[in-house]
Amino acid sequence: EQDRDDHNLRLMIGYGLIPVADADPLALVDVFKRTRLPTTRQLIARRLGEGMETAPAALDQLLTVTGSAAAAEDVLVGLSTALAGWHKPTRPATWEAFARQFDKAESDAVREQARQLSALFGDGRSLDELQRIVKDNKGDMAVRISALKSLVDMRSEGIGDLCAQLLGTRYLNAVAIQGLARDSAPELGDKMIKAYRSFAPLDRPAVIATLCMRPAWGRALLAAIESGQLSKGDLNANHARQLMTLDDETIAARLARVWGQLRESPAEKLELIYNLKQQLAPAKLHSADLVAGKAAFKKVCGNCHRLYGDGGKIGPDLTGAQRQNLDYLLQNIVDPSAVVTADFSMSTVLMTDGRVLSGVITERTPQRIVLQMQNELLTLSVDEVEQVQPSKASLMPDGLLQTLPSEDVNALFAYLMTRTRID
């Protein structure tokens, strides 16, 4: 009892039960009934959910023995994790009776989670309710977003038309483009570009990333930048590299013309490192604007890296890195693919619907692939993946400094090398 709140212990117990699930899934149901540890219950539900197509009896029985409301909610959490990326899984025989108990749950989040799973299992009433929630202009935005995400994930009928209608609705449109990304219609690129300013500023990079997934959309994107409809600054180095993976000569030539060359030869990189080292003299770094440096970090680094607790968690935390070593920083920023650990190696994923995705594979099971892209984490069903092409390139692209003026470059390096947090 005294170790009940030990997070690591709960995980160790859960992982220790994996061989049991492989040998005797029904035995996990007995363990579930005996444990009072929420994390362990969630992991058991997740494991039985992942194996529901080959061993359905264990999950069917689990849904009948939850006992308490807390245990039932743990099953919801575990199943939701297990079925992420699945499309139309077989509904457990005991699901309807299990799900009925959540109809009057006090928590909106719990009711919503149960409704989403019911819809995934093909309950028409739940699907209709999710659509009603999405279309309710007076409803809670967080609930509407969650409902739309469920409809997008399960490929519900008519989802493309619904998503197209929501391109002008801020916050909902960030989810809508995920639904539209699977549609290969060339005209959708122009529609997304036209709605670009309707997206919240933080959601706009994801719009650009979506436009970079298909050749027709990529050409429309570059045309919009060339005409001035979109700013050159809206396209960053990550987007440029994604466009190059489309292997389209027209896109490559236009990208070079309106944005710049992405790749540099080893000799050019060495020359750039040398020039930057001369530019970043101690006096320049000492006089640089650290607040501006923090803003530059947020623009080109902060989506993936953390520094003093700020930023993303896709790449390594830089707080403890060799940040006072200018040579180390220059080498890793100018030539990020020179040394890449397996955890951060890129893969190009070719989808059956024609999309080309690039990112780091963080999880791979017989049912799904989890791909960490620059702006989002995608859970892909293996039946929609045509091919995975491993790469030795880093998720961090070349050319990160290309869009920054020299003053901002100085400020960025000064900020990276500071020994104290800048507020």
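These are my notebook entries on selected residues of this predicted model.

**Ground rules.** I number residues from 1 along each chain as its sequence is written. The model is predicted, so I take local features only at pLDDT of at least 70 and side-chain atom pairs only at pLDDT 80 or more, while totals for chains, interfaces and linings use all residues, and side-chain values use heavy atoms, with hydrogens and water left out.

**Entry: Trp 217.** I looked up Trp 217 and found it in helix α15 (residues 215-227). Helices here are DSSP runs of H or I with at least four residues, strands are runs of E with at least two, and both are numbered from the N terminus. Trp 217 is buried, because its relative accessible area is 0%. Buried means under 20%, exposed over 50%, and partly exposed in between (1.4 Å probe, protein chains only). I then listed its contacts (heavy atoms within 4.5 Å). Leaving aside neighbours within four places in sequence, Trp 217 touches residues including Leu 180, Asp 183, Leu 188, Met 192 and Leu 211. Leu 188 is 29 residues away along the chain, and its C-alpha atom is 7.6 Å from that of Trp 217.

**Entry: the acidic patch.** Asp 183 came up again here. Together with Asp 161, Glu 187 and Asp 190, Asp 183 forms a negative surface patch. Patch members have over 30% relative accessible area and no salt bridge; like charges are joined within 9 Å, and nonpolar side chains (Val, Leu, Ile, Met, Phe, Trp, Tyr) within 5 Å. A salt bridge would need a side-chain nitrogen of Lys or Arg within 4 Å of a carboxyl oxygen of Asp or Glu. I placed Glu 187 in helix α13 (residues 187-194). Glu 187 is partly exposed, because its relative accessibility is 45%.

Entry: I checked Asp 74 in helix α6 (residues 69-82). Its relative accessibility is 8%, so Asp 74 counts as buried. Beyond four places in sequence, Asp 74 touches Pro 38, Arg 41, Gln 42 and Ala 45. Next I took Ser 118, in helix α8 (residues 108-120). Ser 118 is buried at 9%.

Entry: Most residues other than glycine have a negative phi. Tyr 171 lies in the loop between α11 (159-165) and α12 (172-180). I also noted Tyr 308, with a positive phi near 55°. Tyr 308 sits in the loop between β1 (306-307) and β2 (310-311). Tyr 171 is partly exposed at 43%, whereas Tyr 308 is buried at 18%.

Methods
Areas by Shrake-Rupley, 256 points an atom, 1.4 Å probe, with all protein chains shown as cover. Lys, Arg positive; Asp, Glu negative; His and termini not counted. Charge placed at Lys NZ, Arg CZ, Asp CG, Glu CD.
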